[in-house]
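Open the model in your viewer and keep the sequence panel beside it. This tour moves from one selection to the next.

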Amino acid sequence: MNIEINGEIMSIAENASLSEALDQAGINTTGVAIAVNENVVRKTDYGSHSLNDGDKVLIIKVFYGG
């Protein structure tokens, strides 16, 4: 199935979790916030959050400064 991560289409296995998709994409989850279809997913739920064909994943890098 296909999902979109920050505008890039990616093929993942059926019934893959968010955590599996992030691993496959090589994304480090330290210091990021992630939303699936505009709903924020808690880091503790990445492994149990199942993705569906066509889901849109948005990853926002948190940074400090001023």
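**First stop: Asn15**

Select Asn15. Leaving out residues up to four places away in sequence, Asn15 touches Met1 and Glu20. The model is a predicted one, so treat each stop as a feature of the prediction. Now draw a distance from Asn15 to Met1, C-alpha to C-alpha: it reads 8.8 Å, for two residues 14 apart in sequence. Asn15 sits in the loop between β2 and α1. Is Asn15 buried or exposed? Asn15 counts as exposed, because its relative accessibility is 66% and the exposed class begins over 50%.

**Along the loop: Ser17**

Stay in the loop between β2 (8-11) and α1 (18-25), and select Ser17 there. Ser17 has 8% relative accessibility, so it counts as buried; the cut-off is under 20%. What does Ser17 contact, beyond its neighbours within four places in sequence? The partners are Tyr46, Gly47, His49, Ser50 and Leu51.

**Into the core**

Next, select Ile3, Ile12, Leu18, Ile34, Leu51, Val57 and Ile59. In the largest nonpolar core, which has 17 residues, these seven touch the most other members. Which elements each supply at least two residues of this core? They are β1 (2-5), α1, β3 (32-36) and β5 (56-61). Colour those four elements to see where the core draws its residues. In soluble globular proteins, nonpolar side chains tend to be buried together.

Pick Ile12 out of that set. Setting aside neighbours within four places in sequence, Ile12 is in contact with Met1, Ile3, Ala21, Gln24 and Leu51. Two names return from earlier stops.

Move to the loop between β3 and β4 (39-41), and select Asn37. Check the backbone: phi of Asn37 is positive, about 50°, although Asn37 is not a glycine. Most residues other than glycine have a negative phi. Asn37 is partly exposed, because its relative accessible area is 37%.

Now select Glu38, in the loop between β3 and β4 as well. Glu38 also has a positive phi, about 70°, and is not a glycine. How does Glu38 count, buried or exposed? Glu38 counts as exposed, with a relative accessibility of 79%.

**Step back: the whole chain**

Clear the selection and show the cartoon. The protein has one helix and five strands. Read from the N terminus, the order is β-β-α-β-β-β. The radius of gyration is 12 Å, close to the 11 Å that the globule rule gives for 66 residues, so the protein is as compact as a globular protein of that length. Along the principal axes, the C-alpha atoms fill a box of roughly 40 × 25 × 20 Å.

Colour by burial. Of the 66 residues, 32% are buried.

The accessible surface comes to about 4500 Å², and carbon and sulfur atoms account for 49% of it.

Conventions: Residues numbered from 1 in each chain as written. Predicted model: local features only at pLDDT ≥ 70, side-chain atom pairs only at ≥ 80, totals over all residues. Heavy atoms only, no water. Rg over C-alpha atoms; globule rule 2.2 N^0.38 Å. Buried < 20%, exposed > 50% of the residue type's maximum accessible area, 1.4 Å probe, protein only. Areas by Shrake-Rupley, 256 points an atom, 1.4 Å probe, with all protein chains shown as cover. Contact = heavy atoms within 4.5 Å. Core = buried A, V, L, I, M, F, W, Y, C linked by side-chain atoms within 4.5 Å.
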